[in-house]
Amino acid sequence: MRSHVILDPLVTAPLSGPLLAELTALYASNSAFHRLTGDFPDPEDIRPEQVAAALAEERELPGAEILLARSSGRLTGIAVTLAQHPDPADPDPWIGLLMVDARLHGQGHGRRLAALVEDRFRAAGRTAARLAVLANNPRAMAFWTALGYEVLDHREDRGMGRPCTVLRKALTTP
């Protein structure tokens, strides 16, 4: 039996208390991913203040939305989306981050979270979605291509200059 997954947009209030503890545990569970990204100084010791700062930075981006996935009340994942890429020639919304609690990998949570994000884009009248996968992350590439995302370009990411593959998926009616 599948558990029901709901998405909660993260409000603009400062993060603290139990929610920040949940988010820190989620980020900390994905130390292998953070070793690839270089986003945290010590991926084996991710601190609440680091997670709060990372999410505050995401919130500052125009059109950013942070979505929390919950199943049976438990935080199972997070998605960060952009309504519009900073490049005005790029018309599609972006999935900037999709991360599932590492203890739940391989159980379909990532697929369900991706589908819910795509549904939100469709509901907003969007016809495609894009994302970038770090070149050093073949697991992520396999995940996204299995979901129907197709390679569009190879370039460096805007923030840190890391080599990436840009993928795009047409959002047809399910």
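Q: Which residues of α4 are buried?
A: Buried means under 20% relative accessible area, exposed over 50%, and partly exposed in between, with a 1.4 Å probe and protein chains only. In α4, the buried residues are His-109, Gly-110, Arg-112, Leu-113, Ala-114, Val-117, Glu-118 and Phe-121. A word on the source: this is a predicted model, where local features need pLDDT of at least 70, side-chain atom pairs count only at pLDDT 80 or more, and totals for chains, interfaces and linings use all residues. Residues are numbered from 1 along each chain as its sequence is written, and side-chain values use heavy atoms, leaving out hydrogens and water.

Q: Which residues touch the most other members of the largest nonpolar core?
A: In soluble globular proteins, nonpolar side chains tend to be buried together. A nonpolar core is a set of buried Ala, Val, Leu, Ile, Met, Phe, Trp, Tyr and Cys residues joined through side-chain atoms within 4.5 Å. Here the largest has 20 residues, and Ile-95, Leu-98, Leu-113, Val-117, Leu-131, Trp-144 and Tyr-149 touch the most other members. The helix α4 gives the most to this core, with 4 residues.

Q: How do the axes of α1 and α3 cross?
A: Two packed helices are described by the angle between their axes and the distance between the axes. Axes are lines fitted to C-alpha atoms, for helices over the stretch in contact, with angles from 0 to 180 degrees between N-to-C directions. Here the axes of α1 (residues 17-29) and α3 (residues 48-59) come within 9 Å and cross at roughly 90°. Helices (H or I, at least four residues) are DSSP runs, numbered from the N terminus.

Key:
Helix = DSSP H or I, 4+ residues; strand = E, 2+ residues; numbered from the N terminus.
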